Structures are given as C-alpha cells and as structure tokens.
Amino acid sequence: MIALIMFVVCLLMLTLGYPVAFTFGGVAVLFGLYAEGLELFMLVAYRLHAIMTNITLMAVPLFIFMGLVLEKSGIAERMLESMGLLFGHIRGGLAVSTVVVGMLMAASTGVVGASVVTMGLIALPVMLKYSYDQQLASGVICASGTLGQIIPPSIVLIILSDVLHQPVGDFYRAALLPGLVLVLLYIIYCLIVAYFKGETAPAIPRTTRVGAKQYWQAFMAIVPALTLVIVVLGTVIAGIATPTESAAMGAVGAIILAVLGGNLRVSILHQVAMETTKISAMVFTILAGATFFSMVFTYTGGDEAVEQIIDYLPGGQWGFVVLMMIVIFLLGFFIDFVEIAYIFVPMIAPVLLKLQIDPLWFGILIALNLQASFLTPPFGFSLFYLRGVAPASVGTPHIYRGVIPFIILQLIALAVVMLFPDIVRVFL
C-alpha cells in the first residue's frame with residue numbers, strides 16, 4: 001500500500017498549492033528512504049541521463065519555439081482578421097472563424113497558451129463589439145485554443161508516444177481524424193446556437209462587398225502557416241524525417257516566415273527564446289520529478305498493486321478503459337496534462353499489454369481526455385489565460401459557464417473514438 005499512499009499524498013499536496021515537480025520529487029525521496037533506503041537513489045542518475053539523451057523529447061522545445069515565433073510575428077493575427085472578414089456576415093460566422101483559425105494555429109504552433117492569448121486579444125473584442133454572447137465568445141476561444149492538444153504537432157502526443165513506446169509519426173497520423181471530428185463538432189455547435197439564438201451570435205453588417213482582393217488577402221494570410229504545417233507534419237507522417245528533425249525545420253521555417261513578413265526583430269527573438277526556455281524548463285523539471293516518482297512507485301510495488309486492482313474490475317477491457325477515462329478526466333480538474341502523462345499513464349501502461357489493448361488507440365483517448373483538463377475548473381489553464389487578457393466586462397463566471405458546452409463536446413468526441421476504434425487507423 002506504500003505506493004498508493006504515496007500517490008494520494010501527492011494529490012493532497014498539489015491541492016494545497018505546492019509546486020508540481022518538487023511535490024513529486026520530494027514525496028518520492030521521503031517514501032523511497034522509508035521503503036528501500038539510500039541504495040534506491042543510486043538509480044536516479046541513470047534515469048535522468050536517459051531523459052536527457054532522449055532524441056524524441058528534443059522536439060518539445062523546438063516545436064514550442066516554432067509556435068511562439070508564429071504567434072509573436074503576427075501571422076496568427078492576420079489569419080483571424082482575414083477569416084473574420086470572409087465569414088463574419090454569416091450568423092455565428094465569427095465563432096466559426098475562431099474555431100478554424102484555432103485549428104490552423106494548433107497545427108502550426110501546438111502551444112495552447114499562445115493560441116488562447118492571441119485569440120483572446122484579437123477575436124474576443126471583435127465578438128463583443130458585435131454583441132456576441134459573452135459566454136459563447138469565451139467558450140469558443142478557450143476550446144479552440146486547446147485544439148493544440150490533439151492536432152499535431154501536439155506536445156502531449158510526443159510525450160504519450162514516449163511513455164507508451166509508440167512512434168510519434170503513428171500518433172500524429174492517428175490523431176488527424178479525431179482532431180477533425182472535434183473541430184467539426186465545435187463548428188456545428190456554433191452554427192446551431194446561432195440558428196436558434198440569433199442574438200447570441202449575430203452576423204456582422206457588411207459595409208463593403210467582399211471581392212477578389214479580400215479573398216486573395218485571406219489566402220495569402222493562411223497559406224504561409226499552412227505551408228509550414230504541411231512541410232513539418234508531412235515529413236513526420238510520411239516517415240521522411242524524425243519528429244526532432246521536422247521540429248528543427250519548423251523552427252527555421254517560422255523564422256523565415258517572420259522575416260518575409262517583416263515582423264522579425266531582435267527583441268521578438270529574445271522574447272521567444274526566453275518564453276521557450278521557461279516552458280521547456282517547466283516541462284523537463286516536471287519530467288525529472290515524475291521519473292523519480294515513478295521509479296519509487298515501481299520499486300515499492302505500485303505497478304503490482306495497480307494490476308491487482310485492475311484484476312477485480314468488472315467488464316474486462318471496456319471496464320478498464322471506461323474507468324481510466326473517468327479517472328483521467330477527474331485528475332484533470334486538479335493537475336496538469338504533463339503530470340498525468342508522465343506519472344499516471346506509466347502506472348497503467350503495463351496493464352494495456354496484459355489486456356491486449358491497442359496503445360495507439362488508448363493514447364489518442366488520453367489526448368482527447370487531457371484536452372478537458374485545460375477547460376475544467378478550478379485549474380483549467382485556458383480559463384486563466386483568457387481571464388488574463390479579457391476585458392473587465394467579461395467576468396470569470398462567464399468564462400467558466402462558457403466552456404461547459406465545449407467540455408461536453410470533447411466528451412462526445414471521446415465517446416465517438418471509443419466506440420469506433422478504427423477511426424485512429426484511417427491514415428495509418
């Protein structure tokens with residue numbers, strides 16, 4: 001029971017507000033000393049060395065860098081403005097434009113914080129100006145910003161591929177259709193709300209005729225980022241390049257696009273480098289603490305305890321899958337996707353082999369589930385990102401209530417992938 005008690009203690013300390021990485025690392029030290037003594041800690045250096053020499057994980061800071069360059073250089077802003085001009089005259093058109101741009105930003109940046117902040121600064125004031133419902137506007141921006149969790153080059157897909165020992169390229173191909181299904185659900189919801197409650201998502205009065213010039217501007221605003229996405233993801237999916245190599249190409253490509261757009265300055269590069277360092281340091285510090293925790297958890301018999309608990313679950317494979325999805329969804333209320341992916345998933349990974357569950361399908365289910373962790377209070381990071389840039393007229397209750405329908409849509413998408421497992425193998 002030592003390992004299970006250790007896990008509960010970690011959750012309690014996290015709810016009290018202790019830093020994630022140091023909570024898992026500190027609890028692992030205390031319980032490791034109690035259970036095994038100093039001999040156990042001789043293995044820590046080998047574990048950390050394995051992390052630092054993991055070539056796949058090198059893609060994480062490179063993709064973060066690529067996304068931040070695209071965000072700071074104004075490419076995302078031009079996409080939003082162009083899409084709003086083209087579709088704003090339709091009821092709910094601004095909301096649909098935000099979802100589409102959120103999808104494009106997810107595919108070109110993969111950084112949830114950057115997507116939510118950018119759309120919160122640009123799209124939210126426009127939607128409020130044209131009398132969009134505050135809850136709908138907040139929910140659309142938060143949900144669209146989290147699409148970077150499931151649409152490649154998602155950071156969480158890289159992490160899950162490492163934890164579940166599956167090729168990143170397979171994860172990227174498997175996530176394409178589920179990601180598009182989720183985007184389609186968002187768009188359908190926005191159009192239905194606009195149709196039955198026109199006052200919540202009115203059309204923008206068209207003052208000028210949209211002609212070839214406007215379509216060309218929209219085309220030129222979208223093509224650069226879309227080209228970069230096709231090159232970066234296409235090389236991974238086609239097996240031409242490794243994720244790390246494609247991420248390096250993406251980082252260089254983002255700099256080239258910023259230079260061609262005339263928006264690259266030394267100050268921007270410095271800001272991007274600092275943000276990339278901060279985010280990467282956070283991810284890898286958490287990874288170090290989580291690795292330490294999982295080592296102690298394993299050596300104190302935690303993996304055996306989990307397997308014994310699973311043996312008593314009714315329903316076999318489906319009982320296990322449904323229960324794990326419920327647990328991961330509930331964990332998302334309190335801890336971040338990185339901790340869940342690096343701590344909880346390795347606990348249950350051995351059971352997948354025992355129950356003959358496809359790890360690729362299960363990993364996509366986890367990625368869809370972890371999207372909700374960005375929207376669920378009290379620690380939904382997308383809620384905090386939007387709250388930080390939203391005007392005073394948009395209250396925190398508006399944001400919290402606005403994301404509820406989109407959490408339900410995420411769970412519907414999760415149920416669709418659960419009931420139709422072949423959906424993840426369409427592009428394989």
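1. A word on ground rules. In this predicted model, local features need pLDDT of at least 70, side-chain atom pairs count only at pLDDT 80 or more, and totals for chains, interfaces and linings use all residues. Residues are numbered from 1 along each chain as its sequence is written, and side-chain values use heavy atoms, with hydrogens and water left out.

2. The count comes to 2 salt bridges, a salt bridge being a side-chain nitrogen of Lys or Arg within 4 Å of a carboxyl oxygen of Asp or Glu.

3. One pairs Asp 170 with Arg 173, with the closest N and O atoms 2.4 Å apart. Both sit in helix H10 (residues 168-196), and because they are 3 residues apart there, about one helical turn separates them. Helices are DSSP runs (H or I, at least four residues), numbered from the N terminus. Asp 170 is partly exposed at 21% relative accessibility, whereas Arg 173 is buried at 16% (buried means under 20% relative accessible area, exposed over 50%, partly exposed in between, with a 1.4 Å probe and protein chains only).

4. Asp 358 and Arg 425 form a salt bridge too, their closest N and O atoms being 2.9 Å apart. This pair links distant parts of the chain, 67 residues apart: Asp 358 lies in the loop between helix H16 (337-354) and helix H17 (359-371), and Arg 425 in the segment after helix H19 (396-419). Asp 358 is partly exposed at 24%, and Arg 425 is partly exposed at 41%.

5. Do look at helix H13 (residues 266-299) as well. Its 34 residues should span 50 Å at 1.5 Å a residue, and the end C-alpha atoms are 49 Å apart, which agrees; the expected span is 1.5 Å times one less than the number of residues. Just after H13, Gly 301 has a positive phi of about 85°.

Note on methods: Helix = DSSP H or I, 4+ residues; strand = E, 2+ residues; numbered from the N terminus.
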